[in-house]
Amino acid sequence: MSDRRKMLDQCPTSHDKPVPAGTILAAGQVSAASGKIYWRSLDQLAGTDEFKGFLQREFPSYASELLDGSRRHFLRIMGASLALAGASTLPGCRRPENHIIAYNKQPEEIVPGMPLYYATAMPLPGGGCEGLLAETFEGRPTKLEGNPLHPANLGKSSLASQSSVLDLYDPDRDPAIYSALAAERGQTLTATKWEDFVAFARKHFGAFDATQGEGLAFLVEKTTSPSRDAIRDRMLKKWPNAKWHAYEAVDNEGALDGSRAAFGAPMHESLDLSNAKVIVSFDRDFLGGEGCTLAEARGYAAGRYNGGTAPGRVAADSDMSRLYVIEPMMTLTGGQADHRYAVKPSRVGAAAAAVAQAVFARIGGSAPAGLSSAIGAVAHATAGTDLPSKAAIDAIADDLVANRGASVVATGPTQPAAVHALVAALNSVLGNIGKTVRYTPVTGDAAASSAASITSLASDIDGGRVNTLVALGCNPVYDAPADLNFAEKYAKIQHRIHLGAGDETAMASSMHLTRCHYLESWSDVTAWDGTFSVVQPMIQPLFASKGELEFLATIAGENDTDPYTIVRDTLRARVGLVGFETTWRRALHDGLMPVTGARVAPAVNMSAVASAVASLGESAKANSGVELLFLASPHVHDGRAANNGWMQELPHSVTKISWDNPALAGPATMKKLGFSTERHPKTQQYNHAAFATIAAGGKSADIPLWPQPGMAEGTVALHLGYGRRVSGRIGADTGFDTYTIRSSGAMRIAPGATVTPTAGKEPHLIATTQDHWTMEGRDILREIDLPAWKKFGDEDIMGNDEVQKDPYDRTRNLNFAGRLGMESHTPANVDIYTSGKKQEQGLRFTEEDAEGNPLRDAKGNIVPILNKYKKPIQQWGMSIDLTTCSGCGACTIACQAENNIPIVGKMELAKGREMHWIRVDRYYGTAATSEPEKNTFGVGGDNDITSDPDMVVMPVTCVHCENAPCEVVCPVNATVHDEQGTNNMAYNRCIGTRYCSNNCPYKVRRFNFFDYGTKQFRGNYAGKETLKSLPEIVRPPSEYFVPPRLRQKKLEVATMQSNPHVTVRSRGVMEKCTYCIQRVNMARVETKVADLSHIPDGFMQTACEQACPTNSIVFGDIYDHDANGGAGSRVKQKRGDGRSYQLLSFLNTRPRTTHMVRMRNPNPTLADAARKARWEQPFHHGAHGGHAEPAHGTHTEKKAEGHVMSLPILNAGNGALA
Amino acid sequence: MTTMQPDQATALGLTRLGAPGGGFDPETLDGTLVSDPALRPPFVLGNRDFHSVTNTICGWIENPTPKWWMPAFAVASGIAGLGTVMIVFLIITGVGVWGLQNPVMWSWDITNFVWWVGIGHAGTLISAILCLLKQKWRTSINRFAEAMTIFAVICAGTFPGIHIGRVWMAWMLFPIPNSNWIWPNFRSPLLWDVFAVGTYFTVSLLFWYMGMIPDLATLRDRAVARMGVKVRLGPIGLPGMGFLDNITNKIELPLNTVAAYAYGFLSMGWRFSTRHWHNYEKAYLMLAGISTPLVLSVHSVVSFDFAVSIVPGWHTTIFPPYFVAGAIFSGFAMVLTLLIPARALYPGMKDFVTARTIENMCKIITVTGSMVGFAYMMEFFIAWYGGNTFEIQAFVRRAFGPYWWAYWIMVSCNVICPQVFWFKWARTNIPFIFLISILVNVGMWFERYVILTTLSGDYLPSSWGYFSPTWVDIFTFVGSLGIFMTFFLLFCRFLPMLALSEVKNVMPQANPHWSGYNKGHDTHPKHAKSGGGH
């Protein structure tokens, strides 16, 4: 990397790999350093390693000069440096002020309109964190991005962190507003003033000193904050009789208990999927939010297509992990699976036992005997149930045994401890522990059992042993198990003190304080691999709110309640005083402090596992009725993000439902239960769901039931976190409360439930963004099995002429993907404007020098457009790899945060007016292996979809066609191409004829039917019937009657999230993906300042690319041949890959965004003959009559007969869609 | 013995057929449905001379307001007001008040636009093409049809104007020089629309107005003769408003003076001089020549809105001819829809708008309806023959998808209904024709709706949707009907519905060799007698 290039990097640490000594901690190491350190001279200080490191980091280019210069010169620089460091204005350093106050003199670094990035971390529910970089404009955080240094993120980010910035500006967090909202609903919800609380706390909690905390209880969210742990420890030391309960409504108890059984201590499991050749998931949706999603998704993507992005790779070299998924509900992981088996939740363990039995049988002597017999008993007990076939189990076992040490067996949080223990034993036996599966000991709050915590608290309350309950962040009145009747019990406590959101518990509390957003208050957090991060605030609290550290310290009666000091003290206690400031500053700057040795490879206690496994058979056998499966919502989690409009509006990754959480059941199960799965008779859509009365554990609720392909028979899945009774304008009354039927004995799986149609209730309107299940047999999403790719992927892209002639005898240069798709049936696209011989050759579909490309001259030579300085103008493009895209939706939310995309609310969304610029399409197909002639992603439409479909996902955004259909038809030139090849929208010019959207074959354009972006009404905060607040006499019959001028503007605080570099669109204007043109422009300014000729590859990322956890989205200059050591930019490499194709390319729109063929890696022993035949002849088109016909290219003569013109109707049975 | 001129034969036939009411056709009591090819049916019945023609046509304006007019006008303008309220509401609130959504970004707005433009085709076709083809039967309906064209194009022009997201920026559609040097996109069919419809409206208006100048002058002269005579406002005729009649009956106004000045202003100094007539005839012919290609071009251009796109089901080369045929089809149906009640309501109109005229129009409806039906079939055939899945699916989805009902309404109204006009009884049964004309209008509306709903499912099934209209959609459309009818009733009340000079031109008396009125050798009609008409 050149020095100039380095100047571009905002984070000097990222290219200075050597980490200074003294900043890496061994896990659990706490230094007891005390006293002060004095330097005798500056030279002595300058000689320390840490100073050298500091120098190296801060002045990478000049470090040597600094140290080698003359003494006088050195002192001059040194003095200035120290002075600057003291003034904390060094680039990239954080100011040590703990309050961010308005400045009356312009600070040096802050340039209005230019973002500054600060590192921080977001604590995750249940523990762990994400390391983030916050983009701030004049002290206002607008967007969160993954910290490239943080091991959990490596620059990527999840849905939760992307959307959390919206929570910061949620006006409903304002105590004044939520009190008013509650009053409108006839509720009383008043926040206590902090001063009043401090006075109360001093008196009230001081009194506990006498009784050592008798009658005092805490109910806290699980986190891994060292500072909170420290305060807790100090408090419990002072008040040993006080009770401390850690509770998460959606917990990972099975894993904790399972690891307790297997290893003797609770462990957090993390999977290194990049090295795994075989992955078997027993209901672990590691791509959809269960487990360390970011790291595991990244690892999965890397292992999924080993070498897929490496330069010089050839298809034959490609290696791919194989994923088996056994799960009750279709998940993102299940959609990615090579082999997926839908199994009832309670029988997943039995399936795991069956696999274990087969594995043990194969590895013979080394299998633990006790466990083998226990598993044998389970297998015996569950024989005859609908588990995966013996062939499947054997194939999985064969694969696992063959890849010992490079395989992963995993299970998810819905599964009980026995399954987790069994899986740990399997990993141990297979030698995976320490290689692909690693464990981190879980201590403190995170190790607590939530169900036990809340149950014991409830019994304490019943026993009158709780006089004061401090509820920290959690919302037990809403989400405690229904059988505890927690709301009643809670009311019995005399002092109910709550720090959190204005929620159900807040309303039931005697004292309620609003909690800060994590970007508003200092805190700290530890990631699952031990990495320590400081949660650095970006802004003063916007509302009257306090952080939990300050709150707890106040309760504990500590002298210093300032969270900044608390966090520093915690770290100082840990690392010692020596070089603490440097360590601290570095932790702030980098956003983390690496910790080594946190991960362990413990041994499994097989006999303990055997006794745990014994219970599996009984539970699997007994459950023949309907089982309920309680899942955390991938968006609102346990309900804490219910008031986040982005999360509510983002369609569920699998169901594509937004603003709701209907119960999900397979169509067959629904029919059996007496529900209709018919489409709406008139619209032929699914847009209403009939109510079902769902009863379990003596409680029942009316929840609409929605048909979901891929569900295990007899399983009903319920997402938690909706139906909030007290929340902001968005969360309240959105969806249905499923906690009401969840009891403490069945927190995840509730067998023996009854589901009956509810009489006399009108069906519930469901807003979905995708009604259609299938691709109708089209080659929209192309798919191929790995063997075919290995065989044909490397075929010369030019093909031999005989193969690649179109009916007019013109050469058509199709790559592998092109030969799979519709292009192979269409005549070559010939540009009528190019002359001469080149015209004969037609279009190359994926090469960047496509024939007739606007960037070629009449002779076909590449002629990049030059700017006025005779430099080539960069040509942007994007590649989306469908093999690794899991469909999580992080891109959608990142785009929403970056580009000021409004939410529209449920009613507008139900009309199909969603505004997301990048969407993830989801299609189902019939089982790939059984009936090849049906294997076409639904030639027969949705009726083809059986209970056991494949699922595929495909992000679609504006593909920036070079021949953009939208541009031709716009009468006012509002959408035009620029010289960089992007298709731009001039919002000022747009008059809203909407013709562009009609003419867009990808349907990626979004229209502002109303003032979604600027008005509160039916805009950002109008998911609900906000009209309710008006007196009846003046209430219009419909919100439509309220003219926009009278509607409330978005509250100012809500507008603060807006990216100042992106226009907020008015109504009547079309909008769409811009390739984040504001980022391109910003990068261009920076590169110009650095005197670079162009923006280097990867220097700027679009928001979607930046967030994508699996690196499936790649953006860059498609003409950058020199990047990456001559291999070309990443996007150029991807476009040159045989898997690259252009969506609907036969339309000759020439998208700049290309997709890459989805690859599956099925087990050959599980593939039937038809599937295997397609590996040999992937381009064979089955509908030519089914008889063996030569592979595509060889029947040139036949094409003259005319059938070549018929398009993918001929693709029925095409391997392309397998 | 000189050869008998055709008109003389007609005159003879007329004489032979006798007085009005004493006809030979027992069914229609009309004298024009002669099937004898040798005998040219008369264009004007009732044994009229020029004077009576003038008196009758001008009388519709000069006589007191007919009793039915006021209630009809009240209803029509009420509906027009409703439509205006809808438009105002739309503009202040946003396009979202319509049911439009992501895949279906156009629906009733453009449906109504194309429907109205199509209706607007009949007038110019009748006045221009039929004029050039010397179809004399057109003279009795051309003014009427042209007026209908003007009003239909006004309604049509409203919809693209209001359907855009930012109405206040609609001026960007016009090539107005500006300092940014940003011009409209001349590649866009929507811009062609602006020019095509604008040109069509301008030429139609000119044609209509120019053709009316001699008649306005006649009205002026007749009003001048009555200048100074005050007119009593008649009963206002609204139900339940009878108590006002006592008042209105007593109000006297110098309306004749106002009319004299108004018509005088509008007739632009027409003096019936030979030079005027000479220029007039030339201008008329030229405008007919200019209008003729416009008839074909306007709807072709409108069809480009669809055909130029790449939407499956839209991107078809058959659209221009098929749209033009459909436009003529719907235009004639609308002329009939308006003409049949007017013919019944205005005394003496049946003498000019004869059963023969109506029968001719029915024949044109059958021809154009069959062309449209053929186009429907060809769309399917080409989709199948082309082998493009997306095309096939688009058409299958039209016929059997969620909008199947709209498709089959369209087919039954547009293809099946007009076929009844193969039978003479159908072509001559006025109430039945009226019914069919309404059905054709309905069918043609649905044709456009079906085309627009094709948007609901195109390339990527993930984006498929279903459009449902809102009440604003519905009332905006109904309101446009009100606007149209309001204009039309005003036209009936204040402007000559029939072209005086042209009607007289096709009367036997206009033949220089006519020897009628039993006036011996005086073969020339007396100008003075006809009140300044011919």
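Over which residues of chain A does the pLDDT stay under 50, and how many contacts beyond four places in sequence does the model have for them? I start there because this is a predicted model, and where pLDDT is low, the predicted coordinates should not be read in detail. The stretch is residues 1180-1218 of chain A, and the model has 94 contacts for it beyond four places in sequence. A further stretch of chain A, residues 10-23, also has a pLDDT below 50, with 29 contacts beyond near neighbours in sequence.

For chain A as a whole, the average pLDDT is 79, and 77% of the residues score at least 70. Among its elements, the lowest mean pLDDT, 33, belongs to helix α40 of chain A, residues 1196-1199, while strand β36 of chain A, residues 1070-1071, has the highest, at 94.

Chain B has a mean pLDDT of 84, with 88% of its residues reaching 70 or more. Residues 1-9 of chain B fall below 50 and have 10 contacts beyond near neighbours in sequence, and residues 519-534 of chain B are likewise below 50, with 26 such contacts. For the complex, the predictor gives an ipTM of 0.89 and a pTM of 0.85.

Let me turn to the interface. The contact involves 69 residues from chain A and 63 residues from chain B, and the area buried between the two chains is about 5400 Å², with carbon and sulfur atoms giving 58% of that area. On the side of chain B, the three residues B:Met105, B:Arg166 and B:Leu460 supply 12% of the area that chain B buries against chain A, which is more than any other three residues.

As for polar interactions, the rule finds 33 residue pairs in polar contact across the interface of chain B and chain A, with both residues at pLDDT 80 or more. The elements that give two or more residues to the side of chain B touching chain A are α3 (69-93), α7 (189-225), α10 (274-307) and α14 (389-400) of chain B, and of these α3(B) gives the most, with 5 residues. By class, that side of chain B has 38 nonpolar, 20 polar and 5 charged residues. The rule finds 2 salt bridges across the interface, and the side chains of B:Asp458 and A:Lys1003 meet in a salt bridge, with N to O at 2.8 Å.

Over all chains, the structure holds 64 salt bridges. Within chain A, A:Glu1176 forms a salt bridge with A:Lys791, where the closest N and O atoms are 3.3 Å apart. This pair links distant parts of the chain, since A:Glu1176 lies in helix α39 of chain A (residues 1169-1176) and A:Lys791 in helix α28 of chain A (residues 786-792), 385 residues apart.

Finally, the strands of chain A. Four of them form an open sheet with mixed pairing, in the order β37-β30-β39-β38, and the edge strands, β37 (1113-1117) and β38 (1140-1141) of chain A, each pair on one side only. Strand β30 of chain A, residues 876-881, pairs with β37(A) in the antiparallel sense over 5 bridges, and A:Ser879 has A:Val1114 in β37(A) as its bridge partner.

Elsewhere in chain A, strands β2 (residues 116-123) and β3 (residues 129-137) pair in the antiparallel sense over 8 bridges, with A:Met122 standing opposite A:Glu130 in β3(A). These two strands form a hairpin with 5 residues between them, and A:Gly126 in the turn has a positive phi of about 85 degrees.

Methods: Residues numbered from 1 in each chain as written. Chains lettered and ligands numbered in written order. Heavy atoms only, no water. pLDDT = per-residue confidence, 0-100. Helix = DSSP H or I, 4+ residues; strand = E, 2+ residues; numbered from the N terminus. Contact = heavy atoms within 4.5 Å. Buried area = accessible area lost by both parts, 1.4 Å probe. Salt bridge = Lys/Arg side-chain N within 4 Å of Asp/Glu carboxyl O. Polar contact = N/O pair within 3.5 Å; in protein donor to acceptor, adjacent residues only side chain to side chain. Nonpolar A, V, L, I, M, F, W, Y, C, P; charged D, E, K, R; others polar. Pairing = 2+ DSSP bridges.
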